[in-house]
Amino acid sequence: MSLEPRDDHDHEAWLENKDLTPVERGYLTTLMWLDKRFRVVDYLELLENLYYKVNLQMPKSHTEQYNLDNKFWYWYPLYSLGFFSLLAYLVAAFSGALLGFYYTPGATGAGGDPEMAYRQLEFIMMDLNFGYMLRSIHRWSAQVMTAAVFLHMLRVYFTGAYKEPRELNWLLGIVLISLTLVFGYSGYLLTWDQLAYWASQIGVEMALSIPLLGEWVANLIFGGFTPNPATLQRMYIMHVFLLPFIVTALIAIHIGIVWMQGIAEPH
Ligand code: HEM
C-alpha cells in the first residue's frame, strides 16, 4: 500500500449524511480526527495486512487437523508446562523486584561488609512487614520454575517436539534451562550464610577444574579463588541486573518461535 498524500477535506460532509447512533458517530469522529493528523487508518491497514500474512503461515494445531476435540484432552496439562515455567518466572521476577527494595549485598567499596547481606536477610525475615512471606514467595517460585522447566523439557522430549523444524527452539531451551540454573545458583549465594559461602567455594573449585582456562574463569566469575566480597557483589549483579534482561529476552524469543511454528503434533 502506498502512503501518498491524500485529500481528507470531505470527511465531515461524508459523516453528516450518515444515519448513525451517537456511539458510532463518536467513534468515527474520533477516528477521522486522528486520521487527519496521524494517518492512523493507513497504519491500521498495514498492521491488519501483516497480521493476516503471519497467520496464514500458522500450521493447524493437532486437534484442529484431526478433529480430536475431546479425545486428546489428557495431553493438555502437560502442554502447559512451558507457560507454568513462565508464570513461576513472572512471580519470581515480581517478588525479587520487591525484595530488591530491602536487600543489599553491601560487600565492596568503602565500609564494605559482606555480613551486611545476612543482616539484611534477618531484617527481611523478622522485622519487615510481610518480609517472611515475600522471601518465601521468591524462593518457592524460583524452585517451582526450575522444576517446571525441567518437566517441560521432558514433555518436549517425549512428544518428539524437538524434531524438525523446532531444533533451534530446543537449543534455545538448553540455554534457558542453563540460565535458570545460574539464576538459582547466584540467588542462593546472596544470603551469604554458611550454605551460600560453601556453595560458592564449590563453584570456585568447579571453575578451577576447567583445563587451561580454569583460573581465568574463577577470577572472572568469583573474583578470586576463595569466596570473598567480590564474589557476593558479582553474584548480585548477575542475579538482579544481567540475568533478568537476558532471560526475559530469550523467553520472549522462545515463545515467539512457538507462536510462529505452532505447537508440535506428538510423534
Ligand atoms: C525459561 C524456561 C522456558 C520457558 C518459559 C518456556 C516456555 C515455553 C512455552 C510457553 C511453550 C509452549 C508450549 C508449552 O507450554 O509446552 C514452549 C514450547 C517449547 N519449548 Fe520451552 N520454555 C522454557 C524452557 C525450555 C527448555 C529447557 C526446552 C528444551 C531444552 C524448551 C524447548 C521447547 C520446545 C522445543 C518447544 C516447542 C514444543 C512444541 O511445539 O510442542 N523450552 N516453551
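**Ligand shell, iron site and cores**

Helix α8 makes the largest contribution to the shell around the ligand, supplying 6 residues. The model described here is predicted. In total, 25 residues surround the ligand. Those that come closest are Tyr79, His152, Arg155, His254 and Ala264.

A polar side-chain atom of arginine 155 is placed 2.9 Å from an oxygen atom of the ligand. The backbone takes part as well: a polar backbone atom of glycine 82 is 3.1 Å from a ligand oxygen, and for phenylalanine 83 a polar backbone atom is 3.5 Å from an oxygen atom of the ligand.

The iron atom of the ligand is coordinated by two histidines, His152 and His254, each through NE2, at 2.0 to 2.1 Å. Around the iron atom there are 6 donor atoms, and the arrangement is octahedral because the angles they subtend run from 88 to 179°. Histidine 152 belongs to helix α8 (residues 131–158) and histidine 254 to helix α12, so the pair links parts of the chain that are 102 residues apart in sequence. Both histidine 152 and histidine 254 are buried.

For histidine 254, the relative accessible area is 15%, below the 20% limit, and the residue is therefore classed as buried. Apart from neighbours within four places in sequence, histidine 254 is in contact with His152, Asn169, Leu172, Gly173 and Leu176. Glycine 256 is also located in helix α12. In contrast to the buried histidine 254, glycine 256 is partly exposed, with a relative accessible area of 23%. The C-alpha atom of glycine 256 is 9.9 Å from that of asparagine 169, although the two residues are 87 positions apart along the chain.

As for the overall fold, the chain contains 12 helices and 0 strands. Of its 267 residues, 30% count as buried. Among contacts with a separation of 6 or more, 63% are between residues 24 or more positions apart.

Nonpolar side chains tend to be buried together in soluble globular proteins. In this model, the largest nonpolar core comprises 21 residues, and Tyr103, Leu190 and Leu232 have the most contacts inside it. Two or more residues of this core come from each of α7 (115–126), α10 (194–208), α11 (214–222) and α12 (229–261). The largest share is that of α10, with 4 residues. With residues up to four places away in sequence left out, leucine 232 touches Tyr103, Pro105, Ala107, Pro114, Ala117, Leu189, Leu190 and Trp192.

Tryptophan 192, a contact of leucine 232, is situated in the loop between α9 and α10. Its relative accessibility is 12%, so tryptophan 192 counts as buried. The phi angle of tryptophan 192 is near 50°, a positive value in a residue that is not glycine. Arginine 39 likewise has a positive phi, about 55°, without being a glycine. This arginine lies in the loop between α2 (22–38) and α3 (40–56). At a relative accessible area of 24%, arginine 39 is partly exposed, whereas tryptophan 192 is buried.

The loop between α8 and α9 contains both threonine 159 and proline 165. Threonine 159 has a relative accessibility of 3% and therefore counts as buried. A polar atom of the threonine 159 side chain is 3.5 Å from the backbone oxygen of valine 156. Proline 165 is joined to glutamate 164 by a cis peptide bond, for which omega is about 5°.

How values were computed: Residues are numbered from 1 along each chain as its sequence is written. This is a predicted model: local features need pLDDT of at least 70, side-chain atom pairs count only at pLDDT 80 or more; totals for chains, interfaces and linings use all residues. Side-chain values use heavy atoms; hydrogens and water are left out. A nonpolar core is a set of buried Ala, Val, Leu, Ile, Met, Phe, Trp, Tyr and Cys residues joined through side-chain atoms within 4.5 Å. Buried means under 20% relative accessible area, exposed over 50%, partly exposed in between (1.4 Å probe, protein chains only). Contact means heavy atoms within 4.5 Å. Donors are N, O and S atoms within 2.8 Å of the metal (3.2 Å for Na, K and Ca); water is not among the atoms, so sites may look incomplete. Four donors count as tetrahedral if all angles lie between 85 and 135 degrees; four count as square planar and six as octahedral if opposite donors are over 155 degrees apart and all others between 65 and 115; anything else is irregular. A residue is near a molecule or strand if one of its heavy atoms lies within 4 Å of it. A polar contact is a pair of N or O atoms within 3.5 Å; within protein, one must be able to donate a hydrogen and the other to accept it, and residues adjacent in sequence count only if both atoms are side-chain atoms.
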